[in-house]
Amino acid sequence: MKTFAETDIIDALIIGSGAGGAPLAAELARNGKSVVVLEAGPAFPATGHTPDEVAARELYWLHERLSAGTNPQAFGGNNSGTGLGGSMLHYGAFMPRMDARDFHLHTETGKGVDWPFGLDELLPYIERVESFIGVSGPAHYPWDPERRYAYAPPPANSAALKMREGCDALGLRHADGPAALITRDIEQPHFGTRHGCANCGACHQGCRNGAKSGADNTWLPMAVAYGAELRPGCFAHTIERDSSGRVTGVVYRQNGVEHRQKCATLVLAAGAVETPRLLLTNGIANSSGQVGQNYMTHVSTQVWGEFDEDIRPNRGYPSLTITEDMMRPKDADFVGGYLVQSLGMMPATWGQNLARSTTTRGPAFARALAGYNRSAGMGINGECLPRPENRVTLSDEKDAFGIPKPLIEHSYGPNEWAMHHHAARLLTQMWEAVGAKDIRVIDRAAHMIGTCRMGTDAGSSVVNPVGRSFDIDNLWISDHSIFPSAAAANPALAIMALSLRTAEAMLKA
């Protein structure tokens, strides 16, 4: 790997190596730019990944965050990661595309916020991402018949098959869901051999054979091949500027030592909490007052049922079956919509979710835990409207680096609660139709979205439609903090597509 001196003025310094930072790093390096990527976490070799849920916590971002609001969010494996590759090291690889209607929710309903462009603008980048990293899916996708996937889907596990029975019982269409994994061996450019999915079920604990399409086995090797430097274990905390306000460099801590890297351009790709935290800590790029505002999640209600036969929910790819029939339900008392996916789950994670969702304890709870092998779940991914009550601010507490810890306030509004109740009813009916017992509804939210909104108006947005700061012309943002709305799709695909689009804009700037 090429290395740069701290005194070198790097063309692009990128903070964060996940879905937002890695594609951009690869594209800039491929086009001859000098690139350094700072990653707070370590470099994890794939051979070190383990299905052990406790040991795999090393992949989670575990720096303390303060969570508030009427629906305080759990952090860690639910939404954020650490290490070269970011959250894609432990993400579930479920990779649906955004629905075209979700780009224009305000125009459609009068609520929420429109994106400054539509699906037609982002689709070429989406297709580039899917082609390069490897995404599997069905030969026929009912909600988009023209769509094609390069890899056949993995075998459906028992939870996926049960959901299909439930869909059939209620007359809902279903298909193999798009998954960011390969199902046959390939030679990945600049990386080497990636083996086809072994169907082990430990996607959230890291992928040992490279089947799961992450940043660590696609974009980052490409970036290094074209001359980018990856620096793990580097916690960035100070953004330096010149007398005109332009960024000149970043101060970061590595192994307890302070370092300074000079740069011509800075890209923040640290996510919807750490990106606004950096800006707020340094007091920059916030003339709009929008940094940290309109924090969003996905409504991720789960419904689990127990069956007479063994399901073994730890086996196989966890979330293969999908239905998009609820993207605009006819009986909805809310705006937007939601996807439904099947759920398998590892035992410790399942037990934690069960404990959080019920007040039952003692022998009754032990009996519930004993039903794990006969349990299957379904979950949703639903639109969350931006609201001023939901935000990221700086707390009065300091972390080990002396930086204020982020305070994340998160509360459902009427639209989110209506969606939750609609999904709980529907998924309960689906499980009842196929003979499930002891049906449990789990109220939860997932992912982190918003806080540095993109738009066309500098007075109400932090960055322009290609991710460039309105306030500082050599500061860019490339992560899910720039999403104006949550949409209903898992965010990784859109983040990577936007990253390629931002890289293209940077090369033209």
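1. In this note, Lys and Arg count as positive and Asp and Glu as negative, while His and the chain ends are left out of the count. On that basis the chain carries 45 positive and 53 negative side chains. The centres of these two sets lie 2 Å apart. The structure under discussion is a predicted model, and the points below should be read with that in mind.

2. The overall fold may be considered next. The chain contains 10 helices and 21 strands. Its radius of gyration is 22 Å, close to the 23 Å that the globule rule gives for 509 residues, so the chain is as compact as a globular protein of that length. Along the principal axes, the C-alpha trace extends over about 70 × 50 × 50 Å.

3. What percentage of the 509 residues in the chain is buried? Buried residues account for 61% of them. The accessible surface of the chain amounts to about 18500 Å², and carbon and sulfur atoms contribute 50% of that surface.

4. Contacts across the sequence deserve a separate remark. Of the contacts between residues at least 6 apart in sequence, 74% join residues at least 24 apart.

5. The record places "Glucose-methanol-choline oxidoreductase N-terminal" at residues 81–299. In the model, this stretch is 24% helix and 19% strand, and its end C-alpha atoms are 20 Å apart.

6. The UniProt record also assigns "Glucose-methanol-choline oxidoreductase C-terminal" to residues 386–498. Here the model shows 24% helix and 27% strand. The C-alpha atoms at the ends of residues 386–498 are 20 Å apart.

7. Where is His190 placed? His190 sits in the loop between β5 (186–188) and β6 (192–194).

8. With a relative accessible area of 48%, Asp438 is partly exposed.

Conventions:
Residues numbered from 1 in each chain as written. Predicted model: local features only at pLDDT ≥ 70, side-chain atom pairs only at ≥ 80, totals over all residues. Heavy atoms only, no water. Helix = DSSP H or I, 4+ residues; strand = E, 2+ residues; numbered from the N terminus. Rg over C-alpha atoms; globule rule 2.2 N^0.38 Å. Buried < 20%, exposed > 50% of the residue type's maximum accessible area, 1.4 Å probe, protein only. Contact = heavy atoms within 4.5 Å. Areas by Shrake-Rupley, 256 points an atom, 1.4 Å probe, with all protein chains shown as cover. Charge placed at Lys NZ, Arg CZ, Asp CG, Glu CD. UniProt positions renumbered as here; feature names shortened; annotations may be inferred.
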